There are 2 protein chains.
Amino acid sequence: MSAVVAFHKKSELLNPAQPRKFEVTCTNCNLREICLPGGVCLEDLEQVQNIVHSRRRVKRGESLFAAGDEFSSVYAIRSGFFKTSVVDGEGREQVTGFFMGGELLGMDAIGTGRHNGTAVALEDSEVCVMPYAIVERMARDYPQLQRQLHAVMSREIVRDHGVMMLLGSMRAEERLAAFLSNLSKRFVRRGYSPSDFHLRMTREELGSYLGLKLETVSRLFSQFQKAGLIAVEQKHVRILDIAGLEKLLSAAK
Amino acid sequence: MSAVVAFHKKSELLNPAQPRKFEVTCTNCNLREICLPGGVCLEDLEQVQNIVHSRRRVKRGESLFAAGDEFSSVYAIRSGFFKTSVVDGEGREQVTGFFMGGELLGMDAIGTGRHNGTAVALEDSEVCVMPYAIVERMARDYPQLQRQLHAVMSREIVRDHGVMMLLGSMRAEERLAAFLSNLSKRFVRRGYSPSDFHLRMTREELGSYLGLKLETVSRLFSQFQKAGLIAVEQKHVRILDIAGLEKLLSAAK
DNA sequence: CGCAACCTTTGACCCTCGTCAAAAGTGAGC
DNA sequence: GCTCACTTTTGACGAGGGTCAAAGGTTGCG
């Protein structure tokens, strides 16, 4: 296909070599290991970190990119929380994922030159803007970066297949249990509590992601609470019995 | 992550420069345009086609790779038809896709060095074996190939998001209509009839993909037939009213 | 050619989750 | 601090699709 054409908004590529006001460095970023530069050795990192052209703040409720937007860059989340979604012909929204620090957004656009979905910040966030033109060039020069880029995309595919399993084969309570367990693991990895966190999404957004209606999600939270698995208060969730939650997953059917 | 380590089965990399018995060339392949080398100019293609180390026949029912297998290569389908699936802890299978000529398999393994899912031939098939180590090197030397590789992975992500929409937001009859419409488009692209084809998968496999039980799929086929949208006879399907099928999609809810 | 394994269809019944509705809780902006 | 819009919870009810069962069809193999 010849659609892989448009690559950079000019605005994001001005003066790529100039010194920047803020210190955008991967070297001293605590997310380095789980982010795109993970696996790049320290000497190379000095150069590789120039893939980060700038940073961009996205306030809660604002979109980082929307479906149909011209592709220019991929984005690494430096702080905050995003949802991604796609919309079909009838205006139905399907939430395709929730993303946090160190995770990459925007790879859906490489194939067509336009974003297929929308990324919206669910809390005030900041991302590292990595113009794809630069990513391409750097990937050529630094094999470890190339491999890491492929790995990140591959893992996104694997993640998507997991969501298909969730949506295609699991019952409602298994879906929510799987979601909570997954979220817990990702929080731990980032140094947060595995059992005590604030959900950034509404019941409706979570329902969309899980293929359920918001009422069902709400009922499941109540049900899990009654069962002593979690304590919910609005968006604040405390996992009381992670083993119990994960047993829900093994208890197929 | 350091998991991206293991790359080639020796067996697949022996004598990469030797002349081969069969003429494995992209230049004269009718799938060139929709395959990985698509977009590579003809001069470069002479070299680039060396990413195809060999071909491999996979008989109906055999697997090309299985979950847990060590990653060595990605595979371009030269002829035939595959299903891919993942299996969860409880042994539940979720079919994640159906693939035909020109499409790439195996990208799920780049991130971890092991295949996350399984690819099974649904008819006697042949694939081009492209050792990832060679793909990496070629991608460095030929930017167009690099871009195409990224594009292919990106499109797989977009496809997956479409499946999430299907599984998360559509009703049973919309899912089947969407599937038939999609299959029709892909057949056309490859020079086959858009309205007359042989389904390679069982009702159960199709049901798994669509998040439905086999009985539901069977009922839907009967229902579509009764409505004059299609004619079904076992695995042979003829689309009688593609517009009617696609209207099912717009008629949300 | 005939058997066995598998696949498909169809019916009857039922359960999970969606729909509709109402009320209470929460939070952002004036 | 008050209002209004949004979010969440909970209940009652119903339907879409799952489950169970049985029969017929198809295919491959000995």
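In the predicted model, 20 residues surround DNA strand D, and the closest are Thr202(A), Arg203(A), Ser218(A), Ser222(A) and Thr216(B); a residue is near a molecule or strand if its C-beta atom, placed from the backbone, lies within 6 Å of it. Residues are numbered from 1 along each chain as its sequence is written, while chains are lettered from A and ligands numbered from 1 in the order in which they are written. Local features need pLDDT of at least 70 and side-chain atom pairs count only at pLDDT 80 or more, whereas totals for chains, interfaces and linings use all residues.

At least two residues of the surface near DNA strand D are supplied by each of α6 (203-210) and α7 (214-226) of chain A and α7 (214-226) of chain B. Helices (H or I, at least four residues) and strands (E, at least two) are DSSP runs, numbered from the N terminus. The largest share of this surface, 6 residues, comes from α7(A). Its composition by class is 5 nonpolar, 6 polar and 9 charged residues, where Ala, Val, Leu, Ile, Met, Phe, Trp, Tyr, Cys and Pro count as nonpolar, Asp, Glu, Lys and Arg as charged, and the others, Gly among them, as polar.

DNA strand C has 19 residues around it, of which Ala172(A), Thr216(A), Thr202(B), Ser218(B) and Ser222(B) come nearest. Here α7 of chain A and both α6 (203-210) and α7 of chain B each supply at least two residues. The largest share of the surface near DNA strand C, 6 residues, comes from α7(B). This surface has 5 nonpolar, 6 polar and 8 charged residues.

Between the protein chains, 46 residues of chain B are in contact with 45 residues of chain A, contact being defined by C-beta atoms, placed from the backbone, that lie within 7 Å. On the side of chain B that touches chain A, two or more residues are given by each of β5 (93-100), α3 (132-141), α4 (143-169) and α8 (242-250) of chain B. The largest share, 19 residues, comes from α4(B). By class, that side has 18 nonpolar, 18 polar and 10 charged residues.

Chain B is superposed on chain A by a rotation of 180° with 0.0 Å of shift along its axis (RMSD 0.0 Å). The two copies are thus related as by a two-fold rotation axis. The superposition is by least squares on the C-alpha atoms of residues with pLDDT of at least 70 in both copies. Arg140(B) comes closest to the rotation axis of the residues of chain B, at 2.4 Å (C-alpha). Because 98% of the interface residues of chain B are also interface residues in chain A, the copies meet through the same surface.

Within chain A, the axes of helices α3 (residues 132-141) and α4 (residues 143-169) come within 5 Å and cross at roughly 125°. That makes α3(A) oblique to α4(A). Axes are lines fitted to C-alpha atoms, for helices over the stretch in contact, and angles run from 0 to 180 degrees between N-to-C directions; those under 35 degrees count as roughly parallel, over 145 as roughly antiparallel, 65 to 115 as roughly perpendicular and the rest as oblique. Val135(A), Met138(A) and Ala139(A) of α3(A) meet Leu145(A), Gln146(A) and Leu149(A) of α4(A). This contact has 5 nonpolar, 1 polar and no charged residues.

Terms used: Contact = placed C-beta atoms within 7 Å.
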